[in-house]
Amino acid sequence: MKHPFSSVAPIRPLFAAALCGTLALTGCSGVTGNARTEPAEASGDGTLRVGLILDNTGANSFLNGPQLAAAKLAVKEINAAGGHKGRPVELLPVETGQDTASQAQSLVQATADVVIGPTDSSHASAAVDILSRARTPLISPANTAAGLSSIASGGYYFRTAAADVAQGPVLAKLAKDAGAATISVVYQEGSYGSDVSAAVSASAEQAGLDVLSAVGFTPGDAGSAAASIREAQPDAVILVARDGAQGALAELNNAALAGSRLILSDGAFSRYGSRLGTRALDGARAVVPGQLPSAGFQERLLGIDPALKDVSFAAETYDAVTLAALAAAKAEDDSGRSIAASLVSVSGGTAGGTGPAGTAPCASYKECLAGKASGADINYDGESGPLAFDANGDITSAAYTVFTYGADNNPAATGVETAGRTAG
């Protein structure tokens, strides 16, 4: 999970939700086969039921609102276009007071055909374990931990958010586009820092940049890392960090590594303002996953929830619900197995030889159904951009909004970059 940005309200600081160090990637041992590629016989009851896991509590509970609004909006627009085989799609009640496993179990008991969520990468294993055993596909709009690409789900796990490592080529490109010939990477120790740092270094070398050094640090102790980077004298410094980002930036500033020489990963993105020295980030750039939601999409979300103040993960949630409905439409069946078997194809992706390669994309449930009626394959590109699931259920391209910092150490959106997803 990451908290990208809000364009309804002022940008909030990114919060950390790293994959837990002991994530059970070998869960779901009772599930065999690969539902993404195996044919499925129709077994639905004619009503498509969508479940939603909202696992945000405490300070992060505000993230529940945009995901719920987006799911409601998607179901509303799907039903306005005729629903599934002429019957309304149902959005099942949400139980935010329960933990992830309990929510997943409740949705199985409610006969959900597909489930959207969870937000936190460290909660994915609990949901996958229960839902995959029930042959219910799970599509997360926010899980980003690289290790989840290989989670054992029997082919029932997908995500409309890019893995953390997808930003590696974008960070390297930003350095090269600014004229850098040499870079150094300073990264916060841990799975996020080491995975993204490795992706940055590999991408930089492929782009012809000289990687002078890659130095790790622990939060609150970045001084020696900054000194080491200063000795290397790189043209650009790429910071890969989360909760230790502010301290690292302060140490880099003390080492005369500041301003436009700095490029920040998504985890380091924040409105720093007076928390850093004067002009410490003037000209620095940062990336945030996704693209700014269109004004039209925001307006439609506000029509669902007029009190909505944030749109984090809304586009990814909307697209997850829409893809599920399109998969059911392609299969002409609402069962979980049929949906899982069709999700790669309707996203425009490929897995085991499936996928409508070369098919022009459609931008809504209604438009995609019209194309299907005329004999075209479904290739949905949604509110979050192109999707195209691969054999792991990961999207194969990722859009990032580029922010540039001003003299006040606060960011403003200045562009969009797209990169292929590098597997973790």
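This is a predicted model: local features need pLDDT of at least 70, side-chain atom pairs count only at pLDDT 80 or more; totals for chains, interfaces and linings use all residues.
**Glutamine 188**

Strand β6 covers residues 182-188 and includes glutamine 188. Its relative accessibility is 9%, and buried means under 20%, so glutamine 188 counts as buried. The side chain of glutamine 188 takes part in a polar contact of 2.8 Å with the side chain of aspartate 243. A polar atom of the glutamine 188 side chain also lies 3.1 Å from the backbone nitrogen of arginine 242. Leaving aside residues up to four places away in sequence, glutamine 188 touches Val240, Ala241, Arg242, Asp243, Gly244 and Ala245, among others. Gly193, Ser194, Phe217 and Pro219 are also among the residues that glutamine 188 touches.

**Helix α8**

In helix α8 (residues 295-304), the buried residues are Phe297, Gln298 and Leu301. Viewed down the axis of α8, these buried residues fall within an arc of 100°, so they line one face of the helix. That buried set packs against α1 (64-80) and α9 (314-331). Ala295, Glu299 and Gly303 are exposed on the other side of α8.

**Helices α4 and α5**

Helix α4 spans residues 168-177 and helix α5 spans residues 191-206. Their axes come within 8 Å and cross at roughly 50°; α4 and α5 are therefore oblique to each other. The crossing is right-handed. On the α4 side, Gly168, Pro169, Leu171 and Ala172 make the contact. The α5 side contributes Val196, Ala199, Val200, Ser203 and Ala204.

**Backbone features in loops**

Most residues other than glycine have a negative phi, and most peptide bonds are trans.

| Residue | Phi | Loop | Relative accessible area |
|---|---|---|---|
| Lysine 85 | about 55° | between α1 and β2 (90-91) | 59% |

Lysine 85 is not a glycine, and its relative accessible area makes it exposed.

The peptide bond from glycine 117 to proline 118 is cis, with omega near -10°. Proline 118 sits in the loop between β3 (114-116) and α3 (124-133).

Conventions. Residues are numbered from 1 along each chain as its sequence is written. Side-chain values use heavy atoms; hydrogens and water are left out. Helices (H or I, at least four residues) and strands (E, at least two) are DSSP runs, numbered from the N terminus. Buried means under 20% relative accessible area, exposed over 50%, partly exposed in between (1.4 Å probe, protein chains only). A polar contact is a pair of N or O atoms within 3.5 Å; within protein, one must be able to donate a hydrogen and the other to accept it, and residues adjacent in sequence count only if both atoms are side-chain atoms. Contact means heavy atoms within 4.5 Å. The arc is that of the directions from the helix axis to the C-beta atoms. Axes are lines fitted to C-alpha atoms, for helices over the stretch in contact, and angles run from 0 to 180 degrees between N-to-C directions. Angles under 35 degrees count as roughly parallel, over 145 as roughly antiparallel, 65 to 115 as roughly perpendicular and the rest as oblique. A crossing is left-handed if the near helix is turned anticlockwise from the far one by less than a right angle, and right-handed if clockwise.
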